[in-house]
Amino acid sequence: MKVRCISLITGGAWLLFTLPALHAQAYRAPRGADGHADLSGIWQPLNTANWDLADHSPQAGPMWQTGAIGAEPAGQSVVEGGAIPYLPAALEEKKNNFASRRTNDPEAKCYMPGIPRANYMPYPFQIVQSPRGILFVYEYASANRLINMGKPVEPVSDTWMGTSNGHWEGDTLVIDVTGSNGLAWLDRAGDFASERLHVVERFSRTDRDHLQYEATIEDPSVFSRPWKISMPLYRRVEKDAQLLEFKCVEFAEELLYGQYKKK
């Protein structure tokens, strides 16, 4: 009897660990009109990456007047290996960015968030998929980008959101992003990149309500080697879920132009 009990426990443990893996292998995303995995929907992260991509403890925000409302929550790193491989001079610039984040963070000024930051800001975004192309629409600042799924194109000029060329690797959407202007930050902690930034994103639908997001980041002016972030994205499942407007320019006018007012 004792041997049988051990056998049952062992068998139950095997099922406990193998069922999730079997489910992941068995899942096949629904097909879009283009015949590829359908990534359409409204998605949102549930993490603190926009505050800081790396591990971080809770701390006061940049303005004591907002008290705990503006404080930074603790969070776990989404960086593979835990640390961002800065070059020494770039690390000093990152520290200076953090010290001046109240006024210099592009998010505070309602500038376009750039890639990859647009995907893990605490706002939803929508993927609209069609045979002709894939559109990403972000709630923050009404930012958007169209993924070119045809022959890759070179950036015409450097922009906040860069130029995105996409292709499919099985059911994974792979997006190659270049042509960034080097002005966007990667988070509120002052992490940054230059105009030499090259991002390769991967979006994979793991089940009905989750996307796995990965981004490999390369910039030889700032980092000693390429590095990667990864996180799940969650589908908004509320009835009539939709993107709402967050046109934040008017909220930043005093910060941007208050010094020019007549006294």
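Q: Which residue in β9 does Thr216 stand opposite?
A: The model is a predicted one. In it, Thr216 faces Lys228 of β9.

Q: How many bridges join β8 to β9, and in which sense do they run, parallel or antiparallel?
A: Eight bridges link strand β8, residues 210-218, to β9. The two run antiparallel.

Q: And β7 with β8, how many bridges there?
A: Nine bridges, with strand β7 (residues 198-207) and β8 paired in the antiparallel sense. Within β8, Leu211 is the residue that stands opposite Arg205.

Q: What joins β1 to β9?
A: Two bridges connect β1 to strand β9, which covers residues 227-235, and these strands run antiparallel. Gln44 has Tyr234 in β9 as its bridge partner.

Q: What is the strand order in the sheet as a whole?
A: Nine strands make up an open sheet, ordered β4-β3-β2-β1-β9-β8-β7-β6-β5, with antiparallel pairing.

Q: Which strands stand at the edges, and what is left without a neighbour there?
A: The edge strands are β4 (144-147) and β5 (163-169). Each has a single partner strand, so one side of each lacks a neighbour in the sheet. From one strand to the next, the twist averages 25°.

Q: What holds paired strands together in general?
A: Strands of a sheet pair through backbone hydrogen bonds, in either a parallel or an antiparallel arrangement.

Q: Stepping back, how many helices and strands does the protein have?
A: There are four helices and nine strands. Along the sequence, the pattern reads α-β-α-α-β-β-β-β-β-β-β-β-α.

Q: New topic: where is Met63?
A: Met63 lies in the loop between β1 (41-44) and α2 (88-99).

Q: Why does Met63 count as partly exposed?
A: Because its relative accessibility is 34%, and partly exposed covers values between the buried limit of 20% and the exposed limit of 50%.

Q: How far apart are Met63 and Arg102, in sequence and in space?
A: They are 39 residues apart in sequence, while their C-alpha atoms are 7.4 Å apart in space.

Q: What share of contacts join residues at least 24 apart in sequence?
A: The share is 59%, taken among contacts between residues at least 6 apart in sequence.

Definitions and conventions. Residues numbered from 1 in each chain as written. Predicted model: local features only at pLDDT ≥ 70, side-chain atom pairs only at ≥ 80, totals over all residues. Heavy atoms only, no water. Buried < 20%, exposed > 50% of the residue type's maximum accessible area, 1.4 Å probe, protein only. Contact = heavy atoms within 4.5 Å. Pairing = 2+ DSSP bridges. Axes fitted to C-alpha atoms, helices over the stretch in contact; angles between N-to-C directions.
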